[in-house]
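Trainee: I am new to this structure. Could you walk me through it, starting with its charged pairs?

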Amino acid sequence: GAALQSRLAELTASAAGEAAAGEVEATRKGLTALKLEVDAATTSVHVKVALRDSIAAADREWLKRAKQLSAGEADRAAAAAVAELRSGRRRTVPSAGASRVSPDRQACTASRSSAVCSPAPRV
């Protein structure tokens, strides 16, 4: 149990609040691996329960930081898109419901009539 406790102490030595995305991901993977090792360990149930509780608490902290980082990325992307629209550099993108089919083809599809769908004769 002492080796597992020291490994948990190593993983949670740094503060989650200021961690970068890479460190958050690495620590959460380490906590998951440690949880699996605790489950497989041959130690007392009391020690396992205490370790699992500590791992779960640490993982919640790191998950909270991961969500903060993710929200920050989304906020920065939205701010950049708004800035581009305001500066006029970005061309508009059709909405998800907008059709990319030509107006002639839309009429053909809407009417389902072969007379309307046949191409106009070329002169």
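Mentor: Happy to. The count comes to five salt bridges, a salt bridge being a side-chain nitrogen of Lys or Arg within 4 Å of a carboxyl oxygen of Asp or Glu. This is a predicted model, where local features need pLDDT of at least 70, side-chain atom pairs count only at pLDDT 80 or more, and totals for chains, interfaces and linings use all residues. Residues are numbered from 1 along each chain as its sequence is written, and side-chain values use heavy atoms, leaving out hydrogens and water.

Trainee: Which side chain meets R7 in a salt bridge?

Mentor: The N to O distance of this salt bridge is 2.5 Å. The pair links distant parts of the chain, 30 residues apart, with R7 in helix α1 and its partner in helix α2; helices (H or I, at least four residues) are DSSP runs, numbered from the N terminus. The partner of R7 is E37.

Trainee: Is E37 buried, partly exposed or exposed, and what is its relative accessibility?

Mentor: Buried means under 20% relative accessible area, exposed over 50%, and partly exposed in between (1.4 Å probe, protein chains only). E37 counts as partly exposed because its relative accessibility is 36%.

Trainee: How many residues apart are D39 and K35?

Mentor: These two form a salt bridge, with their closest N and O atoms 3.4 Å apart. Both lie in helix α2, and about one helical turn separates them because they are spaced by four residues.

Trainee: Which residues are joined with K35 into one network?

Mentor: K35 is partly exposed, at a relative accessible area of 39%. Salt bridges that share partners make the network, joining K35 with D39 and R52.

Trainee: How far does helix α3 reach from its first C-alpha to its last?

Mentor: Helix α3 covers residues 45–87, which is 43 residues.

Trainee: Which side chain of opposite charge is nearest to K48?

Mentor: K48 sits in helix α3 and is among its buried residues. Lys and Arg count as positive and Asp and Glu as negative, while His and the chain ends are not counted. K48 has no salt bridge, and the nearest side chain of opposite charge is 6.3 Å away. That side chain is D39.

Key: Helix = DSSP H or I, 4+ residues; strand = E, 2+ residues; numbered from the N terminus. Expected span 1.5 Å × (residues − 1).
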